[in-house]
Amino acid sequence: MIRASNLSVRLAGKLIVEKLSLQAQPGQVTAIVGPNGCGKTTTMKAVAGEIPSTGELTVNGRDVRSLDPLQLATRRAVLPQSTTIAFPFTVREIVRMGLSTGLNRSAGRSEAIAAEALAAVDLQGFAGRFYQELSGGEQQRVQLARVLTQIWEPVLDGEPCYLMLDEPVSSLDIRHQLTIMQLARDYCARGGGVIAVMHDLNLTAMFADHMIMMKKGKVVVAGAPADVLTDEAMEEVFGCRMRVSGLPAAGTPFILPQTAIL
Amino acid sequence: MSLSDAGKPGARGMMLSSLRAAAAGDRAGLARLVVAALVVLTLLALLLSTATGASNASAIDVVVSLLTGEQSSVLSQRDRIIVFDIRLPRALLGLLIGAALAVSGAVMQGLFRNPLADPGLIGISSGAALGAVLMIVLGGTLPMGLLGFFGGFALPIAAFAGGLITTLLLYRVATRHGQTSVATMLLAGIAVAALTGAITGVLIYMADDRQLRDVTFWNLGSLAGSTWAKVLTAGPIILISLTVLPFLSRGLNAITLGEATAFHMGVKVQKLKNIAVVSVAAAVGASVAVSGGIAFVGIVVPHILRMVIGPDHRYLLPASALLGGILLLAADMVARTIVAPAELPIGIITALAGAPFFLWVLLRGRTSAGL
């Protein structure tokens, strides 16, 4: 379990995250939602150990701040919102980088994992392409494949591993949004855990087990999607009067991911 | 890059299979072949540069003499002195300095995530130039005893110290709460270069004609006056750095994706920065101290190699070391034969040959995968 309690983050003197508590259980997709600038990404960075924070912060019962970067890297992998690279690496070379955390694997096994990870994000045949020549959505999926290889086994030495995904589907088409969210579900089904910063509330309602709704650096409401997504919460957090599960006026087409047959 | 032994079926098969793997995004096999070819070329360059020059000792005589040592009587006494005491230290110094400049360039580019970065960005070159000019112009005012103690080493020591002090100063400015911002370092580097340039300018204004000439030639770089003493003082510093830097390869690869991502992947980013900056400052400081300013090797060599074998630092660093050494030896051979018995400053050759070639590479590479 990843556990934070009374987590606060101060950036340039400003309190960005204030006394936030969250728990991400293995076997569950935990989604963080909220308006732009409410501190979702900062929370994610603090939980990943990337930026300084105060309060209690543990992964599988161990203090995140006392763990070595390499020890952390075998327990959790992080997908940033976007990644620009400085040099012309191929897709295969980038994905293989995720496998360099020092776990002893044979060359053949590493190669197989890289290929499986690319297949999992629907990028078979892309290994020889240059990263910089791919579209934004393809680049995002290459990075996800790299992140997957870093903690390929959802349970390592009896301990669950965690995928931390910052807007994993933000630049994907609707089919790949579903593919990637399903991939996150499968990772949980095999014993790992997922924390994802999300913007699409429909996808969140469909795939998340646990939801945290944030506003101005604080948790407003947390729980199962059915309990969190209420008309009142939508108005309070997003400042938007709307009806959950309301239907649009007749004649306006609307498409919900829930109707997809996977 | 074709291998000298590519005619054998085994070697050709190996080349074909690594080319096929490269097409599938795996350039490791190709990179290993290139490194192997560069090792052969390095040995060739070393041999050629000890065998060419004003004396007419043949290459074979030199090889025999090198292999059998000083006792051999293949070479005349005079040629033996030329080969062992003049050409060999000069060739070794050329290899070491070329390797140091190219590897340092590759490491800086990786650390700054910018293919145009070079050790000049962290103040080494400008600081070393200031140190050297200080010594050339004001060295005469030092007490004779002190100057006599350092002898011919006064200038290199001043340059080395100038480079190191400037780099450490810059590093202090860019480091806050134990975190070094490479962006701040880049900007501070520009400011520091302007400042040292201004002080150097004041010194040049004060200098007399002979000192001006010395300053100009120092800036153009040269391997002339290479001695075993210089090899034995600069060599170990460069060799230690060249041994340490390849250990940073995995981290430098990860930093390509950003510092935060490198941390997520388990890299101790700040420790890597410390080691990289100190090693590069030492290697380049030692190089510049004995050879003066040699431009272009640090940018051109890693760039060309990245286009052939890719940016993976595990192969890029050793390949850069070898190709840097080869190119500097080649440039030095041109420098000392083209206007023989006089010689051109080597910096002129590296820039004169390097710049048009680099432009050609850029024009050609725009359509392919290069940057």
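**Close-up views of a predicted two-chain model**

**View 1. An antiparallel strand pair in chain A of the predicted model.** Strand β11 (residues 210–215) and strand β12 (residues 218–223) of chain A run antiparallel and are joined by five bridges. Within this pair, K215(A) stands opposite K218(A) of β12(A). The hairpin that β11(A) and β12(A) form has two residues between the strands, and K216(A) adopts a positive phi near 50° there.

**View 2. The fold of chain B.** Chain B contains 16 helices and two strands. Of its 371 residues, 47% are buried. Among the contacts in chain B with a separation of 6 or more, 75% are between residues 24 or more positions apart.

**View 3. Spans of chain B listed as "transmembrane region" in UniProt.** The unreviewed UniProt entry lists several such spans for chain B, including residues 227–248 and 275–303. Residues 227–248 of chain B are 77% helix and 0% strand, with end C-alpha atoms 32 Å apart.

**View 4. The contact between chain B and chain A.** Here 28 residues of chain B are in contact with 27 residues of chain A. On the side of chain B that touches chain A, helices α11 (249–255) and α12 (259–264) each supply at least two residues. The most is given by α12(B), with four residues. By class, this side of chain B comprises 12 nonpolar, 10 polar and six charged residues.

Terms used:
Residues numbered from 1 in each chain as written. Chains lettered and ligands numbered in written order. Predicted model: local features only at pLDDT ≥ 70, side-chain atom pairs only at ≥ 80, totals over all residues. UniProt positions renumbered as here; feature names shortened; annotations may be inferred. Pairing = 2+ DSSP bridges. Buried ≥ 20, exposed ≤ 12 C-beta atoms within 10 Å, placed from the backbone. Contact = placed C-beta atoms within 7 Å. Nonpolar A, V, L, I, M, F, W, Y, C, P; charged D, E, K, R; others polar.
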